[in-house]
Amino acid sequence: MTVSRHPSVLLDKVFTLIGEKTNKEKAPLVQKFARILFKNISPADLQGRSDSDLYGATLSLWQRFSHYDSAQPFINVFNPKITKHGWQSEHTIVELIIKDMPFLVDSVRIALNRLGITAHLLLHSPIAISRDAEHHLNNVNADLISGSDNSAKETVFLIEIDHQETSEQIAY
């Protein structure tokens with residue numbers, strides 16, 4: 001279910017940036033990924049954000065997702081900085097990619113609560129995917145791709161948590 005039926009000008013700018021700045025061959029697939037990722041974001045969660053930072057967050061997650069090997073979960077926790085990552089956030093970012101399974105969102109929320117960490121934004125999307133033998137994405141979809149032997153469902157998370165100052169906090 002989509003939170004808002006009204007298109008977001010900010011997200012339209014993000015999709016335009018993807019079309020302009022990513023590889024022309026891959027841009028439609030990256031845009032499709034971004035539309036799935038942001039399909040349930042509330043208008044309140046878009047307030048105060050810039051198109052360039054949302055674009056950077058999308059590309060960061062996409063770069064990992066596009067070559068993900070589902071043999072084990074991917075977890076990346078970092079403080080994005082313009083000089084290093086090309087985008088920024090006042091929060092620490094958690095990128096998580098995992099084979100889809102029941103209770104993933106609840107499990108992530110419980111883990112954060114146990115650590116006493118607040119999630120300021122928690123985007124999650126189960127995505128039907130098709131990959132080649134080298135784990136490169138061929139297609140993404142909101143639903144399973146019928147008739148494909150290579151289709152599976154993976155869930156991506158983009159989470160903004162309380163800013164973690166030290167490398168020890170980030171590693172924890």
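Guide: This is a predicted model. Two packed helices are described by the angle between their axes and the distance between the axes. Here, the axes of helix α1 (residues 9–21) and helix α2 (residues 27–37) cross at roughly 160° and come within 9 Å.

Visitor: What does the angle say about how α1 and α2 run relative to each other?

Guide: Angles over 145 degrees count as roughly antiparallel, and α1 and α2 are therefore roughly antiparallel to each other. The crossing in which α1 passes α2 is right-handed.

Visitor: Which residues of α1 and α2 meet?

Guide: From α1 come Phe15, Ile18 and Gly19, which meet Ala27, Val30, Gln31, Ala34 and Arg35 of α2. By class, the residues of this contact are five nonpolar, two polar and one charged.

Visitor: Let us turn to the pocket. What volume does the largest pocket have, and which residues lie nearest its centre?

Guide: The volume of the largest pocket is about 410 Å³. Its lining consists of 19 residues, and those nearest the centre are Ile75, Val94, Ala111, Leu112 and Leu115.

Visitor: Which elements give two or more residues to the lining of the largest pocket?

Guide: They are the strands β1 (74–78), β2 (92–99) and β5 (151–161), together with the helices α6 (104–114) and α7 (167–171). Helix α6 provides the largest share, five residues.

Visitor: How do the residues of that lining divide into nonpolar, polar and charged?

Guide: The lining of the largest pocket has 16 nonpolar residues, three polar and no charged.

Conventions:
Residues numbered from 1 in each chain as written. Predicted model: local features only at pLDDT ≥ 70, side-chain atom pairs only at ≥ 80, totals over all residues. Heavy atoms only, no water. Axes fitted to C-alpha atoms, helices over the stretch in contact; angles between N-to-C directions. Helix = DSSP H or I, 4+ residues; strand = E, 2+ residues; numbered from the N terminus. Parallel < 35°, antiparallel > 145°, perpendicular 65-115°, else oblique. Left-handed = near helix turned anticlockwise from the far one by under 90°. Contact = heavy atoms within 4.5 Å. Nonpolar A, V, L, I, M, F, W, Y, C, P; charged D, E, K, R; others polar. 1 Å grid on protein atoms, 1.4 Å probe; cavity = no way out; pocket = protein on both sides within 12 Å on 5 of 7 lines; lining within 4 Å. Points joined across faces, edges and corners; volume = space filled by probe spheres on them.
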